[in-house]
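Hi,

Here is the structure I promised to pass on. Have a look, and my notes follow below.

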Amino acid sequence: MNEAQARQGDNLWRQSSEYLSLSPSRSQISSQENAMQVEEKQQSIILQSASRFPPIQGVRFSYGTAGFRSDASILSATVFRVGILAALRSLKTRSVTGLMITASHNRVSDNGIKIADPHGGMMTQDWEPFADAIVNAGNPEDLLQLIIQFTKKENISFGGAQPAEILLGRDTRPSGGALLEAAKQGINAVIGAVAIDMGILTTSQLHWMVRCRNKGLEALECDYFAQLSSSFGCLMDLVPRDIITDRVDEKLIVDGANGVGGEKLKELKKQLKGLVIQVRNSGKEGEGILNEGVGADYVQKEKVVPCGFGPNDVGIRCASLDGDADRLVYFRVLSTSSNSIDLVDGDKILSLFALFIKEQLSILNKNGKEESNNNNPVRLGIVQTAYANGASTDYLRLLGLEVVFTPTGVKYLHEKAAEYDVGIYFEANGHGTVLFSEQLLCWLEARKNELASASAGCECQKAALRLLAISRLINQAVGDALSGLLLVEAILQHMGWSIEKWSELYKDLPSKQLKVKVMDRTAVSTTNAETVVVEPSGLQEVINTETAKYPKGRCFIRPSGTEDVIRVYAEASTQEAADNLAQSVARHVDRFLGFCSSHE
Ligand SMILES: CC(=O)N[C@H]1[C@@H](OP(=O)(O)O)O[C@H](CO)[C@@H](O)[C@@H]1O
Ligand SMILES: [Mg+2]
């Protein structure tokens, strides 16, 4: 969508909502109506509109690791109710919120919905129990009662002076259009709430737009592309001259997972210099099905070449996005005769970013100390989950970096990373970003200006410029495959590194992931960033005994937050040992939790 279309869409949507009898705007409510009348009106609107979206009986939804997800055919009522939720969140925070319709890397017949909070990150975890409660309410009356209680508790009133504004986005799934309508109706059921349809977007674009809108910045797609391309250009201009040789191949081939990311990247690449990007699996007719044998999740979990790639690509730098383009992994096709790859996963992307940022900070710090006796060094923190390959953690610690762990799910990693001046977080599957504190950004701006007059062109000034460019390039709201990809490319150019050289930063420990179907996955509870089982009792002791049998063995289990399975992760010094450890622990999980089925 271009700027004019977006503004027109915005206006049309505002106008059309004026005419919908069930979605009165604030201006329609006469100033004489008192709060009670508004409340009564509000309640009857919710009852009437909710009756058009009856929930599927017998199905329970849970907000999970990343919002509600299921087969798209049973999601309308959930999406309608999350529309109400997004509007309430906007009323409560007096800010713009976002609502994204996507099921990311899951199959094309699935869909899902999640909310972006005003800062652009995931919805606050405090509201998750309410989200669970309203989507599982059995009928409109129960739904209304829950809303009445919650709005009272949270002190949310309707029809106030400030309208609620919710930005909507969806990925390319065919079910997205109808679900978007359900979301709009949910939003319209809240007096004074306005839905703004931003069109088909990557998850990361929608989160970025919410953040920008609340900061009073330009927040259209064209602004997003302009920010990414200009900050990438800035980093490329700062590549040391002696490195600008033909050592690093400009060519990159990107697997778009047949999702939204491929087409967006085609748009973005028109504005990039110094990089030749070929996009495959962009979801165009005939190219294949979303996430089927393609995309970041497939490549990372299966460690094989995605569809559309083959013998002709041996040695070339390749990358895969996931279905909604918030995850990114790199890979290299190893030979013409097999489908094996050298996977460069989220841990290695994180390591590359950490190395580069640490280097730039130390250039600045060294200089800062000489000049201003700066004894307050910048706090750089790395955040991983237990799924991070142990070799990556060892590597990062050897670099002298502080590495901390959180449970799985970017909502946890993001929160932790925000505690640092520079917080770098990544899941092994390629979802992550780099966060810069406002304080650090102010300091960098000041340093940059100071150095521009005192010693323009010095290494110190360049380091400040690079860090500022990174903060504009890399998405500050959420993980973003497109901005992550540009940062990787700029750093490889800066270092003069091929993908092979990058991959050699450290050697991954062999690992294995399995899924075990059990009767009730909620019977498993864990602690210590999900690495220790608390319930059922006795299971952790068995895992410890198994793990102790293997040199460099590490193993943990946890209930998935997006699928009805227990996940088993094992690492050991050989692939065979990692496979055996995972298998034996999976058998114990079966024994403790029933079912006795096969493991994938
Ligand atoms: C092992 C794994 O990859 N888990 C994924 C997966 O969560 P689970 O709770 O493990 O199902 O989906 C999440 C949402 O996309 C992602 O954040 C997380 O990393
Ligand atoms: Mg995703």
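Predicted model: local features only at pLDDT ≥ 70, side-chain atom pairs only at ≥ 80, totals over all residues.

Next, the helices. Packing of two helices is described by the angle between their axes and by the distance between those axes. Helix α7 (residues 203-214) and α8 have axes that come within 10 Å and cross at roughly 100°, so α7 is roughly perpendicular to α8. On the α7 side the contact uses Gln205, Trp208 and Met209, and on the α8 side Glu221, Asp223, Tyr224, Phe225 and Gln227. Sorted by type, the residues of this contact are 4 nonpolar, 2 polar and 2 charged.

Helix α8 (residues 221-237) also packs on helix α9 (residues 260-269), at an angle of about 60° and with the axes 10 Å apart. That angle is why α8 counts as oblique to α9. Here α8 contributes Glu221, Phe225, Leu228 and Ser229, and α9 contributes Lys264, Glu267 and Leu268. This contact divides into 3 nonpolar, 1 polar and 3 charged residues. The crossing of α8 past α9 is right-handed. Note that Glu221 and Phe225 turn up in the α7 contact and in the α9 contact.

Glutamate 489 lies in helix α16 (residues 481-495), and glutamate 489 is buried, with a relative accessible area of 1%. What is glutamate 489 in contact with, leaving aside its neighbours within four places in sequence? The partners are Phe232, Leu252, Leu275, Arg317 and Tyr330.

Last, some backbone points to check. Most residues other than glycine have a negative phi, and most peptide bonds are trans. Here are the spots that depart from that.

- Alanine 257 has a positive phi, near 60°. Its place is in the loop between β6 (251-255) and α9, and alanine 257 is buried, with a relative accessible area of 0%.
- Glutamate 530 is not a glycine either, yet its phi is positive at about 70°. Glutamate 530 is in the loop between β16 (525-527) and β17, and is buried with a relative accessible area of 14%.
- The peptide bond from glutamate 535 to proline 536 is cis, with omega near -5°. Proline 536 is found in the loop between β17 (532-535) and α18 (539-548).

Best wishes

Note on methods. Residues numbered from 1 in each chain as written. Chains lettered and ligands numbered in written order. Heavy atoms only, no water. Axes fitted to C-alpha atoms, helices over the stretch in contact; angles between N-to-C directions. Helix = DSSP H or I, 4+ residues; strand = E, 2+ residues; numbered from the N terminus. Parallel < 35°, antiparallel > 145°, perpendicular 65-115°, else oblique. Left-handed = near helix turned anticlockwise from the far one by under 90°. Contact = heavy atoms within 4.5 Å. Nonpolar A, V, L, I, M, F, W, Y, C, P; charged D, E, K, R; others polar. Buried < 20%, exposed > 50% of the residue type's maximum accessible area, 1.4 Å probe, protein only.
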